[in-house]
Amino acid sequence: MSREPFELVVQRHGPTVLRVCRAVVGPDAAEDAWSETFLAALRAYPALRSDSNVEAWLVTIAHRRALDQARARARRAVPTDDLPEQEASAGAPAEWESDLASALAELPLKQRQTVAYHYLAGLPYADVARVLGGTADAARRAGADGIAALRRTMRNPSLGRSAEGDTS
Amino acid sequence: MTATEHPLAEEDLFATLPEVDADAQARLHARLVATASDAGVLDVAYRTIDTPLGVLLLAATEQGLVRVAYACEDHDGVLERLASRVSPRLLHAPARLDLAAREIEEYFAGRRQQFDLPLDFRLSQGFRRTVLSHLRDIAYGRTASYAALAAAAGNPRAVRAAGTACATNPLPVVVPCHRVVRSDGTVGQYVGGTDAKKLLLALESAA
């Protein structure tokens, strides 16, 4: 079966995959992750089955790339307590520095991935489970825990978000 | 003020994340084109150019220019057919087509009579391809009949097939099927429409 031009895949899914990358690996590493994901996807694209869910496929590739990056970082890591300097996030618009972005960054990795894949990419929990491993129920629990943690952080006025509206 | 018990439904929660900005999209697209090209996995590059005959779509493989399409051929449909007939690894990548775009612009400005571009004829097969290969023998500003073209291609009786070859030319303008006219002197059909054919012939006769 023939596939539509890859240009349409980039136009249609590029923005969503970038949001997912920013949520999972942070704004600084997101553009590298996006670029590696789409290059790998372009390479494999002719062999993709025509009935595949393209967005789930892209998220799966992005997920594996992020794992590879994390492993590479771990190999390069030298024993030190110094945290790497946060570069000015040239890659992300200033608004990404929002309460939610920092709340996402504080979630445990699995919850962050689950929330990003389910809520930002719109994958059903069954698909999220296929990407992450584990069961759909476990993914649903991780998603619920992640959302609850985000809500707690976002409701906390000390993090800059007004609690107005909570007074019914 | 209306108060709500649960002000942050999931949708509202994520609504605070910014939409991806156009700058980031353009930057990432350019980077994808560059890395894909370096890696040899950008099978088809395309761009559009404005001409006196409207917007033309240009597409190139690594071998050369593979398609020139008029707007009346439906550019989206042309891209879909390129994806299925050549490769779906197809991106908007103007740089690979800079030379073709420049030469076509020079041609329409009356400053170029011959194209000096690598061409990829893979979209035309058999006798049609043979016919197309003889079109470059018709000099700028000259015309030939379909019958003469069929004869030049080695089959004088295949006049209709010569016409079909011209009508299905994947590289109009650059491969000059517009220089083939009917024996009775009328201009005949053209993939870009009869008016486009007349304009090209007028352009070449004015030079």
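# A walk through chains A and B

Start by selecting residues 109–120 of chain A: this is helix α5, whose 12 residues reach 15 Å from the first C-alpha to the last, close to the 16 Å expected at 1.5 Å a residue. That expected span is 1.5 Å times one less than the number of residues. Helices here are DSSP runs of H or I with at least four residues, strands are runs of E with at least two, and both are numbered from the N terminus.

Before moving on, a word about what is on your screen. This is a predicted model, where local features need pLDDT of at least 70 and side-chain atom pairs count only at pLDDT 80 or more, while totals for chains, interfaces and linings use all residues. Residues are numbered from 1 along each chain as its sequence is written, and chains are lettered from A and ligands numbered from 1 in the order in which they are written.

A residue is buried if 20 or more other C-beta atoms lie within 10 Å of its own, exposed if 12 or fewer, and partly exposed in between, with C-beta atoms placed from the backbone. Just after this helix, click on A:G122, which takes a positive phi of about 75°.

Next, select A:A101, in helix α4 (residues 99–106) of chain A. A:A101 counts as partly exposed because it has 19 C-beta neighbours inside 10 Å.

Among contacts with a separation of 6 or more, 69% join residues 24 or more positions apart; a contact means C-beta atoms, placed from the backbone, within 7 Å.

Finally, turn to chain B and colour domain 1 (23–108) and domain 2 (126–206) separately. These bounds come from an automatic or database domain assignment. The C-alpha centres of the two domains of chain B lie 25 Å apart, and 10 residues of domain 1 are in contact with 10 residues of domain 2. On the domain 1 side, strand β3 (residues 65–69) of chain B gives the largest share, 4 residues. By class, that side has 8 nonpolar, no polar and 2 charged residues. Nonpolar covers Ala, Val, Leu, Ile, Met, Phe, Trp, Tyr, Cys and Pro, charged covers Asp, Glu, Lys and Arg, and the others, Gly among them, are polar.

Technical notes: Contact = placed C-beta atoms within 7 Å.
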